[in-house]
Amino acid sequence: MTLHLKKAELHCHIEGAAPPALALAQADKYGVDVSGLIEDGSYVWTDFSEFIVCYDRVASLFRTEEDYATLAETYLTELSAAGTIYSEIIVSPDHGNTIGIGADAYLRGLAAGIEAAKAATGIEGRMIITIIRHLGGEPAERTAFYAARRDHPLVTGFNLAGEERMYRVADFARAYDIARDAGLGLTIHAGEMAGADSVRDALDIVRPSRISHGVRAIEDADLVRRIAAEGVVLETCPGSNIALGVFPGFHAHPLRALRDAGCRVTLNADDPPFFHTSLAQEYDIASEVMGFADAEIDAMTRTAIEAAFVDEDTRAMLLSKL
Ligand SMILES: [Zn+2]
């Protein structure tokens with residue numbers, strides 16, 4: 001168990017963090033039939049395409065600003081109980097538009113939840129606005145302009161998520177230029193469902209300080225050396241990778257190989273209940289299954305704080321807690 005270790009998370013999709021019990025309560029509230037979606041307290045899906053459908057169905061159970069406040073507060077409070085001092089949640093303002101409350105109310109609700117969790121537990125939270133890869137480049141640019149306005153101080157980063165096998169990184173170059181010019185921290189999903197080329201494109205075109213996943217960089221030794229040399233931080237999510245079949249088991253996961261090659265790595269839960277995991281469980285797996293010593297895990301947590309999209313005063317405060 002790693003309950004005694006401080007924790008930090010850079011990569012968690014907020015709708016993907018909804019505990020099934022909360023999703024059931026929401027379904028009750030709105031009279032939605034969730035049979036086939038939630039069975040025996042777990043989300044039901046079999047492959048990446050089905051996972052995305054399942055994710056959207058769960059997301060559709062959160063419909064108001066207050067629902068989003070509850071979701072963020074519930075998740076961050078749960079993280080804090082496991083020793084987590086910092087969390088960046090990935091948020092999708094497009095979803096606020098889809099459900100009709102609008103992007104502003106969606107972010108306001110999430111921010112209220114982050115602030116409520118901080119008031120109660122001290123956990124620090126930030127939001128990363130994501131564009132959705134399978135929707136293509138044009139909506140991404142609209143979202144980038146929205147993110148660039150930075151209407152909320154807790155919005156500090158920009159990401160690209162969704163189906164990695166659709167479109168090319170180049171299709172999102174302009175969206176990233178907009179976000180970079182606005183001073184947002186940049187990260188991008190790459191090297192998860194697609195291989196090393198996807199990571200190389202991300203580095204060349206987006207020039208991010210972090211890569212969401214990036215683990216399939218392991219397929220190319222030159223690329224691993226480049227990631228290490230450039231100090232790009234990998235937001236690894238081992239439980240997610242195993243659940244989605246990216247690697248056949250934890251024994252085959254490249255976290256240790258990447259770390260040993262000098263890459264800066266961190267531990268993250270991605271969409272925890274969908275992948276039958278949690279941040280605490282990712283730490284436990286690193287410790288008990290992958291055999292990392294506490295000091296090695298602490299180093300990953302320190303890396304996460306060093307790479308966090310926060311102002312320097314907040315970073316210093318968080319580092320002082322380690
Ligand atoms: Zn992700």
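1. His189 counts as buried, because its relative accessibility is 7%. His13 is buried too, at 8%. Buried means under 20% relative accessible area, with a 1.4 Å probe and protein chains only.

2. A note on the model. It is predicted, so local features need pLDDT of at least 70 and side-chain atom pairs pLDDT 80 or more, while totals for chains, interfaces and linings use all residues. Residues are numbered from 1 along each chain as its sequence is written, and side-chain values use heavy atoms, without hydrogens or water.

3. Both histidines hold zinc. The zinc ion is coordinated by His11 (NE2), His13 (NE2), His189 (NE2) and Asp270 (OD), at 2.1 to 2.3 Å. Donors here are N, O and S atoms within 2.8 Å of the metal (3.2 Å for Na, K and Ca); water is not among the atoms, so a site may look incomplete.

4. His13 lies in strand 1 (residues 7-13) and His189 in strand 7 (residues 185-190), so the pair ties together parts 176 residues apart in sequence. Strands are DSSP runs of E, at least two residues; helices are runs of H or I, at least four; both are numbered from the N terminus.

5. Now the helices. The axes of helix 8 (residues 196-206) and helix 9 (residues 221-230) come within 10 Å and cross at roughly 35°. Axes are lines fitted to C-alpha atoms, for helices over the stretch in contact, and angles run from 0 to 180 degrees between N-to-C directions.

6. Helix 8 brings Ala196, Val199, Arg200, Leu203 and Asp204 to this contact; helix 9 brings Leu223, Arg226 and Ile227. Contact means heavy atoms within 4.5 Å.

Terms used: Buried means under 20% relative accessible area, exposed over 50%, partly exposed in between (1.4 Å probe, protein chains only).
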